[in-house]
Amino acid sequence: APFLQRMVEALDEFESYVVVVSDRSHSRVFTVKVGTMEKEAEIHAFGAVRHVKTSGMDHLLSQAHTQRKADEHLLSHFKRVIEALEHVAKFKPFNRLILGGSSETTSEFFRLLPKSLRHRVVGSCVIAGNASEKEILEATVAIERRAERAQEMKKAEMLVTSAAKGS
């Protein structure tokens, strides 16, 4: 029985979570369980829009057009990442989601998440889109631990409140 108790505690301590690391043209989705990462999806944008400076009066119009195209590509890319994330949620349920990338990219991605996924986000970290799995794990494990502790504190507060009402 003591062995099983320690095993249950370890599994509780290392509850699985999902990490999405993105930049404007490349995203990866990982599940993390008991300190190990597994890549679930890797999504590349269909095309990149690069800004080319031109001379002349058409410069202002082409700049706006280029920015609009870049925004459309990013939106399309993030929609594909969200589809992959929803697939993971369906087949490997999780309660916590951590976003990684530049602060601009993570905030844009967060804004596009459906409510069913947005409420699972427990934090984000600034990390290079091409960071190694080891770097991603190191950057996200502290966020996950803080989220776990916050959940435990909330449960403890609920128990204390419940006990106080019952007496």
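Residues are numbered from 1 along each chain as its sequence is written, and side-chain values rest on heavy atoms, with hydrogens and water left out. Because the model is predicted, local features need pLDDT of at least 70 and side-chain atom pairs count only at pLDDT 80 or more, whereas totals for chains, interfaces and linings use all residues.

The chain contains five helices and five strands, where helices (H or I, at least four residues) and strands (E, at least two) are DSSP runs numbered from the N terminus. Read from the N terminus, the order of elements is α-β-β-β-α-β-α-α-β-α. Of the 167 residues, 32% count as buried; buried denotes under 20% relative accessible area, exposed over 50%, and partly exposed the range in between (1.4 Å probe, protein chains only). The chain exposes about 10900 Å², of which carbon and sulfur atoms supply 58%; accessible areas were computed by the Shrake-Rupley method with a 1.4 Å probe, and for residues only the protein chains shown count as cover. Contact is defined as heavy atoms within 4.5 Å. Among contacts between residues at least 6 apart in sequence, 62% join residues at least 24 apart.

The five strands form an open sheet of mixed pairing in the order β3-β2-β1-β4-β5, two strands being paired if DSSP finds at least two bridges between them. Strands β3 and β5 (121-126) are the edges, each pairing on one side only. From one strand to the next, the twist averages 20 degrees; axes are lines fitted to C-alpha atoms, for helices over the stretch in contact, and angles run from 0 to 180 degrees between N-to-C directions. Strands of a sheet pair through backbone hydrogen bonds, either parallel or antiparallel. Strands β1 and β2 (residues 26-33) run antiparallel and are joined by six bridges, with a hairpin of three residues connecting them. In this pair, Ser22 stands opposite Ser27 of β2. The antiparallel pairing of β2 with β3 extends over eight bridges and places Arg28 opposite Glu42 of β3. Two residues separate β2 from β3 in their hairpin, and Val34 in the turn has a positive phi of about 50 degrees. Strand β2 is mostly covered, seven of its eight residues being buried.

A nonpolar core is taken as a set of buried Ala, Val, Leu, Ile, Met, Phe, Trp, Tyr and Cys residues joined through side-chain atoms within 4.5 Å. The largest such core has 19 residues, of which Val20, Val29, Leu85, Phe94, Leu97, Phe109 and Leu113 touch the most other members. At least two residues of this core come from each of β1 (17-22), β3 (36-44), α2 (58-91) and β4 (97-101). Helix α2 supplies the largest share, eight residues. A second, separate core comprises twelve residues, including Tyr17, Phe30, Cys125 and Ile143. Beyond residues up to four places away in sequence, Val20 touches Arg28, Val29, Val81, Leu85, Leu97, Ile98, Leu99, Gly100 and Phe109.

Helix α3 lies across β1, β4 and β5 and runs at about 140 degrees to β4. The buried residues of α3 (residues 103-112) are Thr105, Thr106 and Phe109. These residues lie on the same side of α3 because they cover an arc of only 95 degrees around the axis, the arc being that of the directions from the helix axis to the C-beta atoms. The face turned away from this buried side carries the exposed residues Ser103, Glu104 and Arg111.

Two further buried positions were examined. Ile43 belongs to strand β3 and counts as buried because its relative accessibility is 7%. Apart from neighbours within four places in sequence, Ile43 is in contact with Ser25, His26, Ser27, Val29, His77, Arg80, Val81 and Ala84. The C-alpha atoms of Ile43 and Arg80 are 7.4 Å apart, although 37 residues separate the two positions in sequence. Ser16 is located in the loop between α1 (2-13) and β1. With a relative accessibility of 16%, Ser16 also counts as buried.
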